[in-house]
Amino acid sequence: MRAARLIKMVLLLQARPSMTGAELARELEVSERTVVRDVLSLSEAGVPVYADRGRAGGYRLIGGYRTRLTGLGRSEAEALFLSGVPSALREMGLADAASAARLKVSAALLPELRDAATGAAQRFHLDAPAWYQEPETPALLPVIADAVWDDRRIRARYLRKDTEVERELEPYGLVLKAGVWYLAARSQGDFRVYRVDRFAAVEGAVEATGGDAGDGGGAARFTRDASFGLPAFWAERAAQFARSILREEVVLRLSPRGVRQLPYVTERAAAREAIETAQAAGGPDPQGRLTVTLPVESAEVAYAQLLALGPEGEVLAPSELRERCAAAARRTAALYTEPGGQGRVESGGQRAGGGAA
């Protein structure tokens, strides 16, 4: 712990012209007496740190002193090589830059740590897309990524349902969610989310004074809102989206096993909230079954999801969904009661006795 603290102190002093004992104590979460002892230890180890007295005084390094990255431990080096997502970097056109950065860091490591990159890659891999999908890289992603890195406004044509709209955007950040790229951008003062694969055209906006955005001359840049944080923004919008699509409700009676299964067959947060609400309102009945009111996207989606519960969940309302699930249960039961699941096929694709065709 103390060795790590001494390294952090050197890096802090390397990044700033001077720091007082109180500032160092606050950054390192120690007392000022500990700071004094650590400074003496660094001096004895040959690190040129000294103290200036007086009102404008503080601790500083002799001008020009720089430490090297050879203080990285194995776990730190491996974590560094895990920090990028290779497929995402490649799709944004940053694969060469990332490769150069990894080479530079590797060259700075101690010889015994230079296998960190290989060791990390052999042990961990992030596969972002969901199963059974073959995601395509949006053609305009590299152009948008350049604008994000350079804080450049863009003019874009965006497909919204069956219409095409034009927008001037301030592109703040990109998010890769389950193989789909999204752009967080500000338009007319509001932050919004856009699917990158729905952009029909993108070009750099230019300043009112003119200039060619193609060569960077006159490109209109924006000043980032310092209060904007991409992870927090995305988490909030994702939660809002999940809530916004749950427009209907179904009432279910669940067995104890059904209670455990429900979060795995439908929207997880909504399922857990419904279960917690039902448990707080009275809990299970004498047979151990819990009645919950579950928000769902639609009756059609709920039908497909809730069938996965099988006999562990009973739909009580709405009546149309209950009857549809009951009919599915009867058809399923017929498959297992008729010898070999055979039977006369009736019109509509149903077997005599309710078996599915």
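Buried means under 20% relative accessible area, exposed means over 50%, and partly exposed lies in between, with a 1.4 Å probe and protein chains only. The views below come from a predicted model, in which local features need pLDDT of at least 70, side-chain atom pairs count only at pLDDT 80 or more, and totals for chains, interfaces and linings use all residues. Residues are numbered from 1 along each chain as its sequence is written, and side-chain values use heavy atoms, with hydrogens and water left out.

**View 1. A salt bridge between D197 and R195.** A salt bridge is a side-chain nitrogen of Lys or Arg within 4 Å of a carboxyl oxygen of Asp or Glu, and the structure holds 16 of these. Here the side chains of D197 and R195 meet with an N to O distance of 2.7 Å. D197 is partly exposed at 39% relative accessible area, and R195 is also partly exposed, at 24%.

**View 2. A salt bridge between R324 and E300.** The closest N and O atoms of this pair are 2.9 Å apart. R324 lies in helix α13 (residues 319-337) and E300 in helix α12 (residues 299-306), so the pair ties together parts that are 24 residues apart in sequence; helices here are DSSP runs of H or I with at least four residues, numbered from the N terminus. R324 is partly exposed, at 33%, and E300 is partly exposed, at 48%.

**View 3. A salt bridge between E323 and R330.** The side chains of E323 and R330 meet at 2.8 Å, N to O. E323 has a relative accessible area of 43% and counts as partly exposed, while R330, at 48%, is partly exposed.

**View 4. A network of D150, R152 and R221.** Salt bridges with shared partners join these residues into one network.

Note on methods
Helices (H or I, at least four residues) and strands (E, at least two) are DSSP runs, numbered from the N terminus.
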